[in-house]
Amino acid sequence: MSVPQGQSFTAKLGNDEITFETGRIAQLAGGSVIVRSGESVLLVTATASKNVRDGIDFLPLSVEFEEKLYAAGRIPGSFFRREGRPSEDAILICRLVDRPLRPLFNKTIRNEVQVVVTALSSDDERHLDIMALNGASAALMISDIPWAGPVGAVRIGLIDDELVVNPTIPQMENSALDLRVAGTKDAVLMVEAGANEVSESVLLDGLKLAHESIQEIIALQERMRDEIGKAKRDMATPDLDPELQARVEAWLNEDDRIAGVLDTSVDKTETNRRKDDLTQQLLEAFADDETVSASDLKKAFGKYFKKLVRARVLSEGIRPDGRTPKEIRPIWGEVGVLPRVHGSAIFTRGETQVMSIVTLGTPGEEQRLDTLGPVDTKRYMHHYNFPPYTVGETGRIGGTKRRETGHGALAERALIPVIPDTDEFPYTLRVVSEVMSSNGSSSMASVCGSTMSLMDAGVPIKKPVAGIAMGLVTDYESDNFVVLSDIQGVEDALGDMDFKVTGTRDGITALQMDIKISGLTWEIFEIALAQAKDGRFHILDKMAEVIEAPRTELAKYAPRIYSIQIDPEKIGKVIGPGGKTIRAIQDETGAKIEISEDGTVFIATDNQEGAQAAQTKIELLTSSPEVGGIYTGTVVRTTDFGAFVEILPGTDGLVHISQLADYRVNSVEDVAKVGDEIMVMVTDISPEGKIRLSRQAVLEGWTPEEARERDQPKRGGGRGGDRRGGDRRGGDRRGGNRRDRR
């Protein structure tokens, strides 16, 4: 059997090589490559439908990441033992790949375009997201799909204050920055970052280093296109007729009809109402012209509206709501808005409003992840919900959309650097941000609302975090541009950039940038970052007016978690056979108990007495008797020579009759009966583990050495005799008691 020989292309990315192989696998796809780096392997395909999808006015591009757990030699943990819906990690990779690809497609394409990334092997060293993005670009380059690529992608870390290109997964554990960048030969297209309060200057240096680092992989893809690329299909659809565009603009300008929808003094609702009314008038005005479709009329209206809004921003610096480019919308907030939850806050900026709610749980409630990513548990979770009513619409409710997953992950990443460590605050934390209304920047509002709700809950976050979304309007025919602070919905839709920045007063914690143009200059980056910093500080000031620091006490209904450390080898004693012991402690005390492998025991309850009772029981179960230790024990058996007392669960020792009291005892039963509780001291532990106890030592205030001195049998008297010192009350020295013999 002859094996077909494909083509292989290799480039350097940091210290690693990345190889694209094609010509052997998935040959019926529009374009396919096998991407290898180390022992990680992905299959990436790009395919377009043969026909146009009717009834749509957008580019139908979809990206899928097939996360196969066999790639890491694992069987899925689900009931069906097969992969189900995409994990959050898979969805975030899909979004990461989609964002830099989309701006480089002809916006008139209506054929469905699908990029599918399948993880075939994962070595836990290489990051699959960067491999996936580079593979998607390569697959498109050699496919028959028209696309204005290529793009290259790279991750930049900050390790020991040094920027590192394409760090491995283990290296990233010690990195203060996780910066992912995608760009073309000439400019940066997409940025995604999580950071531990990194400065704007360091971030800008990282962006420049990233752009330099992707040049080799971009050049390689151009060579692949030239040597093995397929001929591109013509998939563009006809654009609007320029004559129709001119007729629509002329009608809108008659009697200044367009002025109403450009009025900066009205809110979003009124503006939309006026646009709807004007659109209806436009359709009626052209109703007799059978050569014109309603769809084209609406497109012409939208195109002219966009042109006018952008021109006014560029020429006059006036935004759709009348603000100046750097002006932030009015802000108000409130905390403690819900009575039974552990923490809550409302953050409102303009017409965007988010309510964030905190729930505190035990360490065992952290999320367990069944993915190919480097993290297998998540202690802090942020979930973002965006129902249809937030924009005054109706729609299906149910299931988390990819956009909601992405916005939640961004807000989560923004706050992770300020979440207290487990040692300081042993809780699992979940924040849910419910968007109540939206006119742009709702993800950044959720960052602000979450910060306030965490402080309301009494979570000792290190510093408050705020977020702001920056926009951009550029003149396509000149170098003129305006950077906009705190963009609203129309500025996102009609502008060229959505640049989200979060951080504290000391640095950036997260960043996400998407653009609709072919790239940004470094000047725009510098201005956007500086303007975002000013805006962030303004928002932090407004938040501080509502709540300045975390509350000193947890919320009334939040569980109290106490922790103790036990010997890991004694975990089994606390759990008991089949969990019997730990269940009994929980039932008796009302506390919830969790034990980690290192012997840390977490006791959670809203009742301090119950927590103390549970802690006492666990300490008794796991304690080891110590010489000199004083214990309240239970008499479990008596003999003529002494009493056996259980001082710890399952651990007892002997109190000799001579040590039962501070006077001569004739019968053990006179002092100690089975079931009695008595206080005793451990005076000796033999190498075999036999424990010698003394009640008299407690009564007399002896040390263990003094107790042993008085507990020794008389010389020649066998082990039954004791030699006791004088009674502190003046009693004489006593001889041994023959009943001590066993």
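Strand β27 (residues 651-656) and strand β29 (residues 691-694) pair in the parallel sense over two bridges, where strands, like helices, are DSSP runs numbered from the N terminus (E, at least two residues, for strands; H or I, at least four, for helices), and where two strands pair if DSSP finds at least two bridges between them. This is a predicted model, in which local features need pLDDT of at least 70 and side-chain atom pairs count only at pLDDT 80 or more, while totals for chains, interfaces and linings use all residues. Residues are numbered from 1 along each chain as its sequence is written, and side-chain values use heavy atoms, with hydrogens and water left out.

An open sheet of three strands, by its order β22-β24-β23, is paired in the antiparallel sense. Its edge strands, each pairing on one side only, are β22 (560-565) and β23 (592-595), and neighbouring strands of this sheet are turned by 20° against each other on average, direction ignored. Between β22 and β24 (residues 600-605) there are six bridges, and arginine 560 has threonine 605 of β24 as its bridge partner. Helix α15 (residues 608-622) packs on this sheet, touching β22, β23 and β24, and its direction makes about 155° with that of β24; contact here means heavy atoms within 4.5 Å.

Serine 453 is placed in helix α10 (residues 442-457). This serine counts as buried because its relative accessibility is 0%, buried meaning under 20% relative accessible area (1.4 Å probe, protein chains only). Leaving aside residues up to four places away in sequence, serine 453 touches Gly343, Ser344, Ala345, Ser356, Val358 and Val431.

The largest cavity is lined by 13 residues, of which Ser37, Arg126, His127, Met131 and Asn166 lie nearest its centre; a cavity is a set of points on a 1 Å grid over the protein atoms alone where a 1.4 Å probe fits but cannot get out, and lining residues have an atom within 4 Å of a point. The elements that give two or more residues to this lining are β2 (16-22) and α2 (128-142).

How values were computed. 1 Å grid on protein atoms, 1.4 Å probe; cavity = no way out; pocket = protein on both sides within 12 Å on 5 of 7 lines; lining within 4 Å. Axes fitted to C-alpha atoms, helices over the stretch in contact; angles between N-to-C directions. Buried < 20%, exposed > 50% of the residue type's maximum accessible area, 1.4 Å probe, protein only.
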